[in-house]
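Keep the 3D view open as you read.

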Amino acid sequence: MLNQFDTIAAIATPAGRGGVGVVRVSGTLVPMIAQAILHKVPNPRYATYSPFVTAQNALIDQGIALYFPAPNSFTGEAVLELQGHGGAVVMDQLLSAVLAAGARLAQPGEFSERAFLNGKIDLTQAEAIADLIDSASVQAMRSALRSLQGEFSHKINALLEQLILLRTYIEAGIDFVDEEIDLLADGQVQQKLSVLKQTLQTIFAQAQQGFLLNEGVKIALVGEPNVGKSSLLNCLAGRETAIVTPIAGTTRDIVRDQIQLDGMPLHIIDTAGLRETTDIVEQEGIRRTKLALEDADLVILLLDDRYADDQATPELLASIPSEPLIIRNKIDLSNHAAGVSPQGMVYISAKTGAGVDALKDKLRQRLGVQTQTEGTFIARRRHLEALKRTLIAVENAMDCVTHYQNELVAEELRLAQQALGEITGEFTSDDLLGKIFSTFCIGK
Ligand code: GDP
Ligand code: ZN
């Protein structure tokens, strides 16, 4: 375990060439390191133009130094930022000089971890920093910003407050055994729990939307060779990524592609067909297809409209573990009208683009994508799991209230509080922290 009192340093800008490169330093040794590199401690929060030198007084670069004394910095510790020229050698030399002056190399996410440990940000905000940097769409970026600004934590903290009040009330009641029955009988506790449950459900729905925006959904695309799977992907993606060839059976291996629908990543698995075969390679493809079908959030079955009834055999439909979205392609050849039929079947031409907008609407509906993402905050699987545990504990508490089991109500509320507290980091283990921060990039 690395010492959390060490002064840490890292190059905070991406590797490679750039106009500016930044070395960031945090910890108690910062004034001493500034003295070594700059021969002075800069005025707090002023941009100071200065030469950067080694311990042997050799010039490395000249640039801007920024000094933030503790506790008014990102990490809550003394922070020094050295902005030099963004060349690999310059940055390497500058970092080496800082390390020689007493800092050690920071672990991934260690600056953010210190900001969390020093109470500058809570866990959801720390995670939002990573999600903001990694965001793949404007919608995901905005949601991450909302989490970073504390919107998610505010909601969680408001809920925590209500939970604690209720718990205190009930625990106080336990000490006065005679009044125990009355405490739960007047319906007030049950009513408060019911409000709590509704709020939790709303937050869960919002978090789920944020989770989808962050992680995306898995779609398995099934269809015989040549029905137009690759063409459909190209069409949805609006770019030439999948390979379109007129030879049947070319998509032998599983092809993965990622496209976006309103900023939500769709992880599409373009599968080999499910047809019977003696070819070893194709058999392997079919085995993988079956696994992908079970794992997918949505299965799309693509048919050639001219031969749709021959292709959608009962055996094929039975092999799909969930209700597939059925798309009939090549309507330019079958002369069928584009759009969604009353049975929910979608008619398109991946070649002309007819019906593709209707298909996107259908996809939004099936995947629960909201085009309007205002109020969504970025969320991770662990947040959803914690919210689910909270919800279960609150429901259990409501059940115990109806049986006048004061102590059990109090215990369930304690569990609810703990699950909720894990989200913001009020209750955490070192394991969890290590897992979260180790996925960050270095210098963050
Ligand atoms: P995959 O094997 O299912 O991936 O099918 P491809 O996307 O490779 O398409 C097979 C052939 O059908 C290619 O020659 C495509 O240009 C053609 N194709 C795909 N969609 C359509 C369509 O809607 N109309 C017509 N006329 N041809 C299509
Ligand atoms: Zn293909």
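Start at Lys-120, which sits in the loop between α3 (110–117) and α4 (123–134). Helices here are DSSP runs of H or I with at least four residues, strands are E runs of at least two, and both are numbered from the N terminus. A word on ground rules: this is a predicted model, where local features need pLDDT of at least 70, side-chain atom pairs count only at pLDDT 80 or more, and totals for chains, interfaces and linings use all residues. Residues are numbered from 1 along each chain as its sequence is written, while chains are lettered from A and ligands numbered from 1 in the order in which they are written.

Skip the neighbours within four places in sequence, and Lys-120 is in contact with Phe-74, Thr-75, Gly-76 and Ala-115. Contact means that the two C-beta atoms, again placed from the backbone, lie within 7 Å.

The axes of α3 and α4 come within 9 Å and cross at roughly 160 degrees. Axes are lines fitted to C-alpha atoms, for helices over the stretch in contact, and the angles run from 0 to 180 degrees between N-to-C directions. That crossing angle is why α3 and α4 count as roughly antiparallel to each other; the label applies over 145 degrees, with under 35 being roughly parallel, 65 to 115 roughly perpendicular and the rest oblique. On the α3 side the contact is made by Ser-112, Ala-115 and Phe-116, and on the α4 side by Leu-123, Ala-126 and Ile-129.

From α4, Thr-124, Gln-125, Ala-128, Ile-129, Asp-131 and Leu-132 meet Met-141, Ala-144, Leu-145, Ser-147 and Leu-148 of α5.

The UniProt annotation "binding site", from an unreviewed entry, covers Arg-24, Glu-81, Lys-120 and Lys-444; positions follow the numbering used here, feature names are shortened, and annotations may be inferred rather than shown by experiment. Arg-24 lies in strand β2 (residues 18–26) and counts as buried, because it has 24 C-beta neighbours inside 10 Å. Leaving aside neighbours within four places in sequence, Arg-24 has contacts that include Glu-81, Phe-111 and Gly-443.

Six strands form an open sheet in the order β3-β4-β5-β2-β1-β6, with mixed pairing. At the edges stand β3 (48–53) and β6 (104–105), each with a single partner strand, so one side of each has no neighbour in the sheet. Strands pair if DSSP finds at least two bridges between them. Strand β4 (residues 59–68) and strand β5 (residues 79–86), for instance, are antiparallel over five bridges, and Leu-66 stands opposite Glu-81 in β5. Helix α1 (residues 30–38) lies across β2, β3, β4 and β5, at about 30 degrees to β5. Helix α2 (residues 88–100) runs at about 15 degrees to β2.

Further along, find strand β10 (residues 298–304). Five of its seven residues are buried, so β10 is largely enclosed by the rest of the structure. Strand β7 (residues 217–222) runs parallel to β10, joined by four bridges, and β10 is also parallel to strand β11 (residues 325–329), with five bridges.

Last stop: Leu-384, in helix α15 (residues 381–402). The C-alpha atoms of Leu-384 and Phe-211 are separated by 8.2 Å, though the two are 173 residues apart along the chain.

How values were computed: Buried ≥ 20, exposed ≤ 12 C-beta atoms within 10 Å, placed from the backbone.
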